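Please keep the structure open beside you as you read.

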Amino acid sequence: MPQHRRDGQGHPEGPRFRLKQALVAAALVVPLLAGGCAPGPEAGGKAPGTGDTAGASGSAGAKDGRPLVLTTFTILADMARQVAGERVRVESITRLGAEIHGYEPTPSDLKRASGAQMVLENGFGLERWAQRFYAGLPEVPHVTLTEGITPLPIAGDAYQGKPNPHAWMSPRLAKVYVENIRRALTRLDPAGAATFQRNAKRYSAELDALDRELRTSLARIPPGQRVLATCEGAFSYLARDYGLTEAYLWPVNAESQVTPQRMARLIALVKERRVPAVFCESTVSAEPQKQVAKQSGARFGGVFHVDSLSLPDGPAPNLLELQRHNVETLQAGLAGS
Ligand SMILES: [Zn+2]
């Protein structure tokens with residue numbers, strides 16, 4: 001975990017936003033908002049060399065005159081779009097279905113990032129791969145959306161004690177992301193403050209409703225059967241919120257080699273707790289977990305979405321549907337249906 005990403009932890013201002021970068025970003029955005037593609041006099045004077053980024057030079061940020069905000073993965077893009085509405089263009093650096101922990105940025109990713117006015121990242125050590133972006137784009141601010149959240153530590157192996165990055169899987173904590181997004185977008189586009197405020201309020205209310213819905217659904221599983229056995233240890237926050245026991249084959253996907261010890265440990269737990277079904281996630285191979293199922297007598301219960309949304313016509317086109325899909329899949333598996 002790079003130290004510079006944690007030093008603002010718990011700061012009352014929310015996401016750390018370097019002032020110098022904020023000023024550069026503001027200089028970029030002002031002409032866009034004030035007069036479409038016509039560069040304002042301030043931009044020409046104050047931000048030499050950055051006018052091309054915001055102007056009509058063919059960069060990604062100039063496609064429709066709106067500022068471009070990149071997120072490091074698709075779930076953050078969904079959350080940012082909920083808050084941004086139509087005012088800001090939001091795109092994910094990683095594609096649908098990509099493995100996001102050990103991602104290798106491509107040259108086209110870097111090119112696209114050069115047209116962005118801001119990058120929204122998860123933090124908690126998830127985007128080690130994004131350091132290349134930040135090193136190459138010192139003028140583009142990056143905002144950490146887990147700012148203000150107390151992380152749960154990862155238990156086990158090389159990641160022992162490091163923060164578990166999957167905080168978006170708690171609807172309650174997802175509201176902290178929403179507030180951090182709202183603040184970041186407001187600094188980027190002050191004229192949109194009221195829109196972002198309204199959108200964030202609506203989306204937070206939807207997350208509250210989702211929290212109640214998941215709590216009610218999961219309470220129907222008999223307490224002794226509330227075991228969520230899957231490939232990655234990505235459900236720690238969700239398990240804590242709703243009183244589930246989490247079991248997994250590996251702590252995080254970047255360290256996803258299956259060892260005989262890990263398999264044996266999970267098989268033993270599945271047998272001991274008589275867990276009827278085990279699961280895996282959409283961004284990794286389910287084969288090892290199917291082996292666990294075979295050797296433990298459990299069924300393979302299906303695929304969760306955690307690190308990526310599905311295609312728009314799939315089961316997890318946004319974070320709310322992703323959560324519903326996962327809980328329904330878990331319930332169906334544990335009920336033996
Ligand atoms: Zn993950």
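## The sheet and its helices

Let's begin with an open sheet of 4 strands, which follow one another in the order β2-β1-β3-β4 with parallel pairing. At its edges sit β2 (89-92) and β4 (142-144), each of which pairs on one side only. From one strand to the next, the twist averages 25°. Please bear in mind that you are looking at a predicted model.

As background, the strands of a sheet pair through backbone hydrogen bonds, and they may do so in a parallel or an antiparallel way.

Take the pairing of β3 with β4 as an example. Strand β3 covers residues 118-121, and its parallel pairing with β4 runs over 3 bridges.

Now for the helices. Helix α4 lies across β1 (68-71), β2 and β3, while helix α7 packs on the sheet and touches β3 and β4. The table sets out their directions.

| Helix | Residues | Strands | Angle |
|---|---|---|---|
| α4 | residues 74-84 | β1, β2 and β3 | about 170° to β2 |
| α7 | residues 171-188 | β3 and β4 | about 175° to β3 |

Finally, step back to the whole chain. How many helices and strands are there in the chain? The count is 12 helices and 8 strands. Of the 337 residues in the chain, 45% are buried. Turning to contacts between residues at least 6 apart in sequence, 60% of them join residues at least 24 apart.

How values were computed:
Residues numbered from 1 in each chain as written. Predicted model: local features only at pLDDT ≥ 70, side-chain atom pairs only at ≥ 80, totals over all residues. Pairing = 2+ DSSP bridges. Helix = DSSP H or I, 4+ residues; strand = E, 2+ residues; numbered from the N terminus. Axes fitted to C-alpha atoms, helices over the stretch in contact; angles between N-to-C directions. Contact = placed C-beta atoms within 7 Å. Buried ≥ 20, exposed ≤ 12 C-beta atoms within 10 Å, placed from the backbone.
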